[in-house]
Amino acid sequence: MTGRSYNVLFLCTANSARSILAEAILNTLGGDRFRAYSAGSYPRGTVHPYALDLLSSMKIDTGFARSKSWDEFAERGAPQMDFIFTVCDDAAGETCPIWPGHPMTAHWGVPDPARADGTEAERHLAFAEAYRMLANRISVFTALPLEAVDRLALKRRLDEIGQSGDALA
């Protein structure tokens, strides 16, 4: 791998919360080194308002946020992905399209904040917790020496990031 910019696609079934948050986080933390996208296998068509509220409260522009199908990224002319991460267990178990360029993949499952019960404050907290988990994983990912690691070692490390929960090192 070279010193170029890497394209990363975050997948979730509805593309309304977790994958949108991950896209925003990586585009914020990744600088010029990464370009993040998100999509869903069965997109809801709208972004969850709590996801938008959370990003806005963190001064992250939400103009990018759009619930879209992963089919957009499997079509001719779509950006070629270097990495694809599923962030929900449902999407991880689905048959994905054939991705051009054979990107590296890993599963980084995060509980769905859109399914949280409780008071409005508790539901907002579920979104903040999903954001925190994703930000931790993405921070570790962006610190990896991608250019210096062979593909097998990198794949192993990407899987470790998704399995390690909050104890990331």
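Helices, taken as H or I runs of at least four residues, and strands, taken as E runs of at least two, are DSSP runs numbered from the N terminus. In this predicted model, S16 is found in the loop that lies between strand β1 (6-12) and helix α1 (18-29). With a relative accessibility of 5%, S16 counts as buried. Leaving aside residues up to four places away in sequence, S16 touches R44, T46, V47, H48 and A51.

The cysteines were examined next. A disulfide is a covalent bond between the sulfur atoms of two cysteines. The structure holds 0 disulfides. The cysteine sulfur closest to that of C12 belongs to C88 and is 3.1 Å away, which is too far for a bond, because a disulfide requires a pair of cysteine sulfur atoms within 2.5 Å. C88 is likewise in no disulfide, the sulfur of C12 being the nearest cysteine sulfur to its own. Both residues count as buried, C12 at 5% relative accessibility and C88 at 2%.

Charged side chains were then considered. Side chains of opposite charge can pair when their charged atoms come close. The count of salt bridges comes to 9. One of them joins the side chains of D112 and R18, with an N to O distance of 3.6 Å. D112 is located in the loop between β4 (104-107) and α4 (120-143), whereas R18 belongs to helix α1, so this pair ties together parts that are 94 residues apart in sequence. D112 is partly exposed, with a relative accessible area of 21%, while R18 counts as buried at 8% relative accessibility. A network of salt bridges links R18, D112 and R115.

A further salt bridge is formed by E147 and R33, whose closest N and O atoms are 3.8 Å apart. Here E147 lies in the loop between α4 and α5 (151-163) and R33 in the loop between α1 and β2 (34-40), so the pair ties together parts that are 114 residues apart in sequence. E147 counts as partly exposed at 36% relative accessibility, and R33 is also partly exposed, with a relative accessible area of 23%.

Within helix α5, E160 and R157 are 3 residues apart, a separation of about one helical turn. E160 forms a salt bridge with R157, and the closest N and O atoms are 3.2 Å apart. E160 counts as partly exposed at 37% relative accessibility; R157 is partly exposed as well, with a relative accessible area of 22%.

Technical notes
Residues numbered from 1 in each chain as written. Predicted model: local features only at pLDDT ≥ 70, side-chain atom pairs only at ≥ 80, totals over all residues. Heavy atoms only, no water. Buried < 20%, exposed > 50% of the residue type's maximum accessible area, 1.4 Å probe, protein only. Contact = heavy atoms within 4.5 Å. Salt bridge = Lys/Arg side-chain N within 4 Å of Asp/Glu carboxyl O.
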